[in-house]
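Have a look at the sequence and the structure first.

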Amino acid sequence: MMSEDLKREAARSALAEVKPGMRLGLGTGSTAWHFVDLLGIEVAKGFDVLCVPTSEKTAKQASELGIPLTDLEATPELDLTIDGADEIGPGLALIKGGGGALLREKIVAAASGRMIVIADQSKCVDVLGRFPLPVEVNIFGQGATERAIRRVMEDFEAEGDLRPRLTSDGKPFVTDGGHHVVDAFFGRISRPEALSAALLEIAGVVQHGLFLSLCRRAYVAGADGITTLDA
Ligand SMILES: O=C[C@H](O)[C@H](O)[C@H](O)COP(=O)(O)O
């Protein structure tokens with residue numbers, strides 16, 4: 001099966017978890033895209049659901065499909081969030097934010113009773129960190145923030161460097177929240193909880209892409225079908 005087919009199969013498994021009347025968080029990225037697309041088909045047939053999107057991109061896709069949308073002001077508690085991931089490690093610890101949506105994704109996941117991740121097999125790793133860890137930073141004082149992040153990277157024996165994320169035309173990538181993203185190349189993250197705490201200690205760090213103790217289930221699609229992973 002092609003990668004897009006695998007993503008769609010994982011999304012289809014997650015769709016079976018959605019019950020009528022649920023308040024849902026909608027993730028961002030190419031795998032979450034398939035989930036939103038499949039949900040749109042059900043909504044068109046009359047399925048009742050109310051959703052909070054985790055990015056402007058997902059909001060646009062969902063509203064074009066006629067999926068009813070709300071926000072966390074009107075609906076501060078959600079039943080379930082379905083999202084993709086860049087890496088799925090032991091205990092369903094995740095790296096997210098490859099598409100830059102990590103802040104809203106984490107806020108929405110934290111407001112949800114459950115988070116389910118959908119992915120193809122390539123996302124599963126024994127140790128997190130091969131995928132560069134996205135760190136969302138305030139634009140003010142970015143140089144000082146980067147310096148502080150580099151110090152943390154040294155403390156955690158990062159194998160690579162810190163790179164400010166750029167768009168394809170070479171401009172700084174700006175998140176939906178108006179911040180920048182820097183990508184931290186760790187190689188191996190052996191103490192994710194401690195790293196999370198150290199990064200959040202830095203004043204200019206808005207959020208990072210380590211999602212720890214948030215995801216309870218993953219549907220992972222591979223050549224042999226869907227594997228369900230539970231934390
Ligand atoms: O910021 C983006 C999100 O965290 C995505 O869920 C993540 O990057 C995975 O995206 P994809 O399904 O496209 O691999």
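## Strands, helices and a ligand

Strands β8 and β9 (residues 180–184) run antiparallel and are joined by three bridges. Within that pairing, Arg163 has Asp183 of β9 as its bridge partner. A word on terms: strands pair if DSSP finds at least two bridges between them, while helices (H or I, at least four residues) and strands (E, at least two) are DSSP runs numbered from the N terminus.

Before going further, keep in mind that this is a predicted model, where local features need pLDDT of at least 70, side-chain atom pairs count only at pLDDT 80 or more, and totals for chains, interfaces and linings use all residues. Residues are numbered from 1 along each chain as its sequence is written, and side-chain values use heavy atoms, with hydrogens and water left out.

Zooming out, β8 and β9 belong to an open sheet of four strands, ordered β8-β9-β7-β10 with antiparallel pairing. Its edge strands, β8 (162–164) and β10 (205–208), each pair on one side only. From one strand to the next, the twist averages 30°.

Two helices lie across strands of this sheet. Helix α4 (residues 102–110) lies across β7 (133–137) and β10, at about 65° to β10. Helix α5 (residues 142–155) lies across β7, β8, β9 and β10, and runs at about 155° to β8. Contact here means heavy atoms within 4.5 Å; axes are lines fitted to C-alpha atoms, for helices over the stretch in contact, and angles run from 0 to 180 degrees between N-to-C directions.

There's also an open sheet of three strands, β4-β5-β11, again with antiparallel pairing. β4 (87–88) and β11 (210–211) are at its edges with a single partner strand each, so one side of each has no neighbour in the sheet. Two bridges join β4 to β5 (residues 94–95), and Glu87 sits opposite Ile95 in β5.

| Residue | Protein atom | Distance to a ligand oxygen |
|---|---|---|
| Lys96 | side-chain N or O | 2.9 Å |
| Gly97 | backbone N or O | 2.8 Å |
| Gly98 | polar backbone atom | 3.3 Å |

Taken alone the ligand exposes 380 Å², and the protein buries 90% of that (Shrake-Rupley areas, 1.4 Å probe).

Overall, the protein chain has six helices and 13 strands, and its C-alpha trace spans about 55 × 40 × 35 Å along the principal axes.

Note on methods
Polar contact = N/O pair within 3.5 Å; in protein donor to acceptor, adjacent residues only side chain to side chain.
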